[in-house]
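Subject: A structure for you to look at, with notes

Dear colleague,

Please open it first, and then go through the notes that come after it.

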Amino acid sequence: MVVAAVLALSAGGADSAWAQKTKTKGPPPTQQSTTAPVSDLDPSDPDDLEEIITQADAAYFVDEGKTPDYEYAFKMYSLAAEANDAYSINRVGLMYDRGEFVTQDFDKAFAAYKQASDLGLAAAMNNVANMYQAGDSVAQDYREALRWYQKAADGGYGYSMYVLGDMYLAGEGVTENHKEAVAWYQKAVDAEEPNAYWALSLRYLYGDGVGKDELQSAQLAYMALTHGVQVALDEFKAIENADTTPGYRREVQQLLKRDGFYSGAIDGDFGTSTTAALDKAFGSAL
């Protein structure tokens, strides 16, 4: 699903701009092959299980510029999954979903997500919901997706709260209700879900489902920027084409100055100095 949006977006409904999938599809990325043996640690031993997961995560999540060792990660997550560890079962599902080391297999991914969901993992419930929403392995069913996102949100999963906002905004699997969408976006913001800052900022910008408030909109959009939401950076840089007022733009400059990224005039002009400050601020809260 393509991630793209504009500040001048119509207030009439949701857009794919707000749907950042938690899983990707397509050919696996280039990855390092390993001949490292699977650990002889015992997943039934709690201390060993913790070490297995630590090793799996270390192989999978690597610093920028380094190549993940998907083979070793998959083997270690699979080993931990033998002990019914919900986190590891979900990780195995994600690797099948993405085709990382293993051949992409949505059926095996869905089965793993469902198993981890049955063990109470909210992230896995979100992934089950995503499969129903996308129609991967199962027939596309927005109502069932909504039900699973609700379960994940009830478990405190902020991304699911954000997607529920999208679904209410678009009337996807539920009667369109922009006030309810705003309520879910606010819950996601309270849970510090980065995408929700941007989604809620647009609702305040247009007065859609909530009273119009350009300063609140600017503050939320700035939060999206500092939390690394790419569309916020892109749209701020193209702000001359967007439906924003000088007051909105001045508020963004004030926030940039407050945080030490900008030292120029508060004039609402997004010239080279403001653009440079936006680049410095991007992702700074992460």
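First, some ground rules. Residues are numbered from 1 along each chain as its sequence is written, and side-chain values use heavy atoms, with hydrogens and water left out. Please keep in mind that this is a predicted model, in which local features need pLDDT of at least 70 and side-chain atom pairs count only at pLDDT 80 or more, while totals for chains, interfaces and linings use all residues.

Confidence

The predictor's confidence in each residue is called pLDDT and runs from 0 to 100. Its mean over the protein is 89, and 86% of the residues reach 70 or more. Residues 1–31 stay under 50, although the model has 99 contacts for them beyond four places in sequence, a contact being heavy atoms within 4.5 Å. Where pLDDT is low, the predicted coordinates should not be read in detail.

The whole chain

The protein has 13 helices and zero strands, where helices (H or I, at least four residues) and strands (E, at least two) are DSSP runs, numbered from the N terminus. Of the 286 residues, 49% are buried; buried means under 20% relative accessible area, exposed means over 50%, and partly exposed lies in between (1.4 Å probe, protein chains only). Among contacts between residues at least 6 apart in sequence, 55% join residues at least 24 apart.

Helices α3 and α4

The axes of α3 (residues 86–98) and α4 (residues 106–118) come within 8 Å and cross at roughly 160°; axes are lines fitted to C-alpha atoms, for helices over the stretch in contact, and angles run from 0 to 180 degrees between N-to-C directions. That angle makes α3 roughly antiparallel to α4, since angles under 35 degrees count as roughly parallel, over 145 as roughly antiparallel, 65 to 115 as roughly perpendicular and the rest as oblique. The residues in this contact include Ala86, Ile89 and Leu94 of α3, together with Phe106, Ala109 and Tyr113 of α4. By class, the contact of α3 with α4 has nine nonpolar, three polar and two charged residues, where Ala, Val, Leu, Ile, Met, Phe, Trp, Tyr, Cys and Pro count as nonpolar, Asp, Glu, Lys and Arg as charged, and the others, Gly among them, as polar.

Helix α11 and its surroundings

Which residues of α11 (residues 230–237) are buried? They are Val231, Ala232, Leu233, Glu235 and Phe236, and the buried residues of α11 pack against α9 (194–206), α10 (214–226), α12 (246–258) and α13 (272–281). With α10 in particular, the axes come within 7 Å and cross at roughly 120°, and α10 and α11 are therefore oblique to each other. Their contact is made by Ala221, Tyr222, Ala224 and Leu225 of α10 and by Ala232, Leu233 and Phe236 of α11. The residues of this contact divide into seven nonpolar, no polar and no charged.

Two residues with positive phi

Most residues other than glycine have a negative phi, and most peptide bonds are trans. Phe101, in the loop between α3 and α4, has a positive phi of about 70° although it is not a glycine, and at 37% relative accessibility Phe101 counts as partly exposed. Glu192, in the loop between α8 (178–190) and α9, likewise has a positive phi, of about 65°, and is not a glycine; at 58% relative accessibility Glu192 counts as exposed.

Two residues with partners further along the chain

Tyr157 sits in the loop between α6 (142–154) and α7 (158–170), and is partly exposed because its relative accessible area is 26%. Leaving aside neighbours within four places in sequence, Tyr157 is in contact with Ala122, Ala123, Asn126 and Ala152, and its C-alpha atom is separated by 7.8 Å from that of Ala191, 34 residues apart along the chain.

Is Arg249, in contrast, buried or exposed? Arg249 belongs to helix α12 and is buried, with a relative accessible area of 16%. Not counting residues up to four places away in sequence, Arg249 touches Ile239, Thr244, Gly268 and Phe270. Arg249 and Leu215 are 34 residues apart in sequence and 9.2 Å apart in space, C-alpha to C-alpha.
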